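Colleague: Can you put the model up and take me through the packing? I'll ask as we go.

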Amino acid sequence: MTRSLLGLGMLALASMAFALALGSVTVSPADLWQVIQGEGSTLHRTLLLDLRLPRTLAAFGTGGLLAVAGALMQVLLRNPLADPYVLGLSGGAAVGALLAMLMGMGTLIISGSAFAGAMLATVLVFGLAHGTGSWTPSRLLLTGVVVAAGWGAVITLMLAITPSYKLPGMLYWLMGDVSYARSPWPAVVVLAVSVVVIMPLARNLNVLARGPMQAAALGVSVRPLEWTIYVLASLLTATAVTTAGSIGFVGLIVPHMLRLILGNDQRIILPASALAGGTLLVLADTLARTMIAPEQLPVGVITALLGVPTFLYLLHRSR
Amino acid sequence: MVSRGLNFRFALGLLIAILAHPISASEMQRCAVDDTGKKLCISAPAQRVITLSPGATELVFAAGAGDKVMAVVNYSDYPPAALELPLIGSHTRVDMEALLALNPDLVVTWVTGNPPAQVELLQELGVSTFAIEPRTFAGVSSVIERLATLAGTEPEGFAEAERFRVGIAALTQQYAGVEPIPVFYQVWEKPLMTVNNEHLIGKVLKLCGGVNVFGDMQRLIPRISAEVVLQADPDAILTGSVDGVSDDQLDEWKKYAGLAAVEKNNLFFVPASPISRPTPRLLDAIQTVCGKLESARENL
């Protein structure tokens, strides 16, 4: 089992090397080596250290965050269709970001506002699903989906009444793209910390995946565990969305893909999701910025083009 | 680190030069304020210019600095020479590597059209950026002069700005006394969109004696319903199309035979690119629009 994680780790490193080596400007391996040694021309240093490295780290962090958040949501809601955005988190973040743009704020405040919006969405769904009666995953799911629809309506309303010259900036944000990431560190740090935090809980998650009754019978305190997952998954998603907008698909497909290959053991699936999600987004982003350079494709196009056939192949093979 | 050392040495050299020759300081610095209010000073005329919008490309050429443009973005189709230049992506997604590899000393950006994060990254990397987006006729001539100042092409640039200014003044005078005519300008068919009087297109209509039926609306590009167009019942309807060739964009209105513009056969197409870009080609656009409105008056 650790072998498969090691393999995924190697793949992740390879994808990052690939991302650093490839770009619309060709940097030869010799020049690459010079930059690593702290030498090289100013242009090469700028390309590698100021453009490719931060962007690669941001892509890896964002992909990892989304995949882990997706895996957690699927366990929490016991629903294979669950993804990080299913409970309206990206909607809340988008409303936060758009509101800041409407008021003409700078990028830092826009990010902060997006994060605050995502957290507000989390608390809102938490409070509403909690209600007075008993709590079930389907109640949480239903609340989340309805709240998400509400955010969607608010976003549409804001786009409709916004002065047209502010629209492009908003649409860029909504599309989501790694090239708009300003700093990779929040994503990378939150990803690393959360994987460390979640690992001791992974065994209990395995039990929970079989159903709350069984989990309770086996001595797992179900309610606190469920809320921990919920808050953690929300934090991961909020960080990802704040870094690069709402990039779809990774959070839904990567955990499923890994389950098909590695089985449904959360002790493996969670760290594997972090590695595979990161790898997928790094590869997709590299292709997105080089395939038809100087034209740049949105990263979501490539994640889907890479992910859909791979997933369908795995699904077909597993029968 | 290498570049910082160079910069320091350069700054020291500059300081010594300024102290030694107080008069030459103003000659060495070329300064201009961009359309966001940011002041840009460069020490020598820009020689390697990159433009991040089709309009910016046109304006830099108008400023006489066309031969200094290294690369442009998609849809930079005017003047024809711009079509020969290398591309560095589109205005929404700039290929940053390709841009930096060209080592530009001036990047002309689009205030609301480029992703803010990419422009900020350029500034952080020490690239000189100049954001433009003229919203008035005076703004067009002013931006041409400012770009000419930065590129050191003042003779050509200031002459072109003056030609535009004189052209606008002449057209304004020519159409000052014409009979006002109620007009609807259709920016987009589905959803139906128009412009208010603040928009450059609104100003073109006004110059030609057109009374924009939606001129007083709050938003620059309001979305409206067909009902309010029928209610306003303009005498002429205009829209932009490729090269001003008639297409099906106005066919919807032909259903309403009672509409004055339809009844009088006053549905007109004008070339979309000159009227929607804030460049000297506005003069052509104004002549076309004024001509259409003249025929509209004759049809009444």
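Modeller: What follows goes through the chain contact, the domains, the core and a helix pair.

Modeller: This is a predicted model, so local features need pLDDT of at least 70 and side-chain atom pairs count only at pLDDT 80 or more, while totals for chains, interfaces and linings use all residues. Residues are numbered from 1 along each chain as its sequence is written, and chains are lettered from A and ligands numbered from 1 in the order in which they are written.

Colleague: How many residues of chain B are in contact with chain A?

Modeller: 26 residues of chain B, against 24 residues of chain A. Contact is set by C-beta atoms, placed from the backbone, within 7 Å.

Colleague: Which elements of chain B give two or more residues to that side?

Modeller: α1 (2–20), α4 (96–101) and α5 (116–124) of chain B. The largest share, five residues, is from α4(B). Helices are DSSP runs of H or I with at least four residues, strands are runs of E with at least two, and both are numbered from the N terminus.

Colleague: And by class?

Modeller: The side of chain B that touches chain A has 13 nonpolar, eight polar and five charged residues. Ala, Val, Leu, Ile, Met, Phe, Trp, Tyr, Cys and Pro count as nonpolar, Asp, Glu, Lys and Arg as charged, and the others, Gly among them, as polar.

Colleague: Which residues of α5(B) are buried?

Modeller: B:Pro116, B:Gln118, B:Leu121 and B:Leu122. Buried is 20 or more other C-beta atoms within 10 Å of a residue's own, exposed is 12 or fewer, and partly exposed is in between, with C-beta atoms placed from the backbone. Their cover includes α5 (107–130) and α7 (167–175) of chain A, along with α4, β5 (106–110) and β6 (129–132) of chain B. Just after α5(B), B:Gly126 has a positive phi of about 85°.

Colleague: Now A:Val25. Where does A:Val25 lie?

Modeller: A:Val25 is in the loop between α1 (2–21) and α2 (29–36) of chain A. Its contacts, leaving out residues up to four places away in sequence, are A:Leu47, B:Glu97, B:Ala98 and B:Ala101. A:Val25 counts as partly exposed because 19 other C-beta atoms lie within 10 Å.

Colleague: Switching topic: how is chain B divided?

Modeller: Into domain 1 (26–168) and domain 2 (177–299), with bounds from an automatic or database domain assignment. Their centres, taken over C-alpha atoms, are separated by 30 Å. 14 residues of domain 1 of chain B are in contact with nine residues of domain 2 of chain B. On the domain 1 side, the largest share, five residues, comes from α3(B).

Colleague: Which residues touch the most other members of the largest nonpolar core?

Modeller: B:Val60, B:Leu147 and B:Val204, in a core of 166 residues. Such a core is a set of buried Ala, Val, Leu, Ile, Met, Phe, Trp, Tyr and Cys residues joined through C-beta atoms within 7 Å. α3(A) supplies the largest share of this core, 18 residues.

Colleague: Then at what angle do α3 and α12 of chain A cross?

Modeller: The axes of α3 (residues 42–77) and α12 (residues 250–262) of chain A cross at roughly 70° and come within 7 Å. That makes α3(A) roughly perpendicular to α12(A). The residues of this contact are eight nonpolar, four polar and no charged. Axes are lines fitted to C-alpha atoms, for helices over the stretch in contact, with angles from 0 to 180 degrees between N-to-C directions. Under 35 degrees counts as roughly parallel, over 145 as roughly antiparallel, 65 to 115 as roughly perpendicular and the rest as oblique.

Note on methods
Two residues are in contact if their C-beta atoms, placed from the backbone, lie within 7 Å.
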